[in-house]
Amino acid sequence: MKRLFKFEFTRLKNTKLLILMPAVFIVIGLAGMLLANVFYEKVDSEIKILNVLNAYNQFTFIFFSFIYILVFAQDYKKGINVFMEQIGFSEREVLCSKGVWLYLISLLSTNITLIILFFYLGNNDISYLCTMLFSLDLNLIFIILFSMFLAVLVKNNMIATLICFAMFIVFNTANLLCFGIFNQADPNSISYNAIYQAIGEKVTQDTLNSLPFRLADYTLPLIILPNIVWIILLALTILFLTRKGRKTNGL
């Protein structure tokens with residue numbers, strides 16, 4: 001596996017994604033901060049940094065899903081998976097190595113930028129920072145796995161990307177109707193609204209307002225549970241779709 005991780009790292013480096021992805025993530029963070037300063041000029045710093053988190057959640061799903069899907073799907077289109085199997089790597093191992101690298105790049109880029117902007121905007125509550133980072137990092141896993149799922153299912157990056165865009169709208173609508181339990185990288189999700197209420201803001205999502213408890217009292221469980229359920233479901237589905245992958249030895 002070490003050889004495979006090194007090989008996939010080299011491929012990402014050759015496609016310039018090691019530079020492009022962090023650069024775009026930094027731009028998204030800065031855009032989120034600038035928009036917060038424009039539209040929420042008179043609100044406190046906690047709301048402004050939450051707008052940065054929201055920018056990362058939505059733009060990662062909308063924009064970076066295209067990059068994630070492309071990385072996963074291009075091997076199917078170019079027949080590289082067949083070559084990888086011939087040299088001893090299964091489909092699951094290749095997908096796993098790609099997913100780990102994409103996650104590490106995304107995590108480091110977003111987390112470092114969010115931390116810098118957190119203090120730049122005048123925030124000092126470390127527990128609030130950790131809560132946002134924890135939510136973002138789980139959302140990144142979900143988005144990458146969802147992109148991987150679509151790439152494996154469709155094996156065509158353009159069609160998979162169009163489906164992903166459509167699902168963003170479907171998830172958003174489903175969150176409005178079903179207590180925000182679907183895509184958590186969404187301002188209508190139960191986890192985002194729990195964080196929102198925890199900083200003293202009023203939740204305006206109707207289904208979430210109908211719940212018989214305060215979201216802020218269960219912020220951590222509401223961040224963990226929906227994400228973990230979807231992550232497990234996606235992981236199991238991907239394992240099922242790649243069940244015919246040849247097992248390799250000696251790696």
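# Helix packing and aromatic pairs

Biologist: Where is Ser109 placed?
Modeller: Ser109 sits in helix α5. Helices (H or I, at least four residues) and strands (E, at least two) are DSSP runs, numbered from the N terminus.

Biologist: What kind of model is this, and how are residues numbered?
Modeller: It is a predicted model, where local features need pLDDT of at least 70 and side-chain atom pairs count only at pLDDT 80 or more, while totals for chains, interfaces and linings use all residues. Residues are numbered from 1 along each chain as its sequence is written, and side-chain values use heavy atoms, with hydrogens and water left out.

Biologist: Back to Ser109: buried or exposed?
Modeller: Ser109 counts as buried, with 9% relative accessibility. Buried means under 20% relative accessible area, exposed means over 50%, and partly exposed is in between (1.4 Å probe, protein chains only).

Biologist: Which residues is Ser109 in contact with?
Modeller: Pro22, Phe25 and Tyr56, leaving aside neighbours of Ser109 within four places in sequence. Contact means heavy atoms within 4.5 Å.

Biologist: And Ser45, where does that lie, and what does it touch?
Modeller: Ser45 lies in helix α3. Not counting residues up to four places away in sequence, Ser45 touches Leu121, Gly122 and Asn123. At 19% relative accessibility, Ser45 also counts as buried.

Biologist: New topic. At what angle do α3 and α7 pack?
Modeller: The angle between α3 and helix α7 (residues 157-177) is about 150°, and their axes are 8 Å apart. Axes are lines fitted to C-alpha atoms, for helices over the stretch in contact, and angles run from 0 to 180 degrees between N-to-C directions. That makes α3 roughly antiparallel to α7. Angles under 35 degrees count as roughly parallel, over 145 as roughly antiparallel, 65 to 115 as roughly perpendicular and the rest as oblique.

Biologist: Is the crossing of α3 and α7 left-handed or right-handed?
Modeller: α3 passes α7 in a right-handed crossing. A crossing is left-handed if the near helix is turned anticlockwise from the far one by less than a right angle, and right-handed if clockwise.

Biologist: Which residues of α3 and α7 meet?
Modeller: On the α3 side they include Phe61, Ile62, Ser65 and Phe66, and on the α7 side they include Cys164, Phe165, Phe168 and Phe171. By class, this contact of α3 with α7 has 11 nonpolar, 4 polar and 1 charged residues. Ala, Val, Leu, Ile, Met, Phe, Trp, Tyr, Cys and Pro count as nonpolar, Asp, Glu, Lys and Arg as charged, and the others, Gly among them, as polar.

Biologist: How do α3 and α8 pack?
Modeller: At an angle of about 170°, with the axes of α3 and α8 11 Å apart. That makes α3 roughly antiparallel to α8. Ile47, Leu50, Leu53, Asn54 and Asn57 of α3 make the contact with Tyr192, Ile195 and Tyr196 of α8. The classes there are 6 nonpolar, 2 polar and no charged residues.

Biologist: What about α8 and α10?
Modeller: Helix α8 (residues 190-198) packs with helix α10 (residues 219-241) at an angle of about 165°, with their axes 8 Å apart. That makes α8 roughly antiparallel to α10. α8 passes α10 in a left-handed crossing. Ile190, Ser191, Ala194, Ile195 and Ala198 in α8 meet Thr219, Leu222, Ile223 and Pro226 in α10. Those residues divide into 7 nonpolar, 2 polar and no charged.

Biologist: Now the rings. How many aromatic pairs does the structure hold?
Modeller: The structure holds 20 aromatic pairs. Rings of Phe, Tyr and Trp (its six-membered ring) pair if their centres lie within 6.5 Å; planes under 30 degrees apart count as stacked, over 60 as edge-to-face and the rest as tilted.

Biologist: What sort of pair do Phe61 and Phe142 form?
Modeller: A tilted one, at 6.4 Å centre to centre and 35° between the planes. Phe61 is in helix α3 (residues 45-78) and Phe142 in helix α6 (residues 126-154), 81 residues apart. Both Phe61 and Phe142 are buried.

Biologist: Which residues do ring pairs link into a cluster?
Modeller: Phe61, Phe142, Phe146, Phe149, Phe168, Phe171, Phe182 and Trp230.

Biologist: Where is Phe146 placed, and what is it in contact with?
Modeller: Phe146 is in helix α6, and it is buried, with a relative accessible area of 6%. Leaving aside neighbours within four places in sequence, Phe146 is in contact with Phe61, Cys164, Met167, Phe171 and Leu234. Phe146 and Ser65 are 81 residues apart in sequence and 8.5 Å apart in space, C-alpha to C-alpha.
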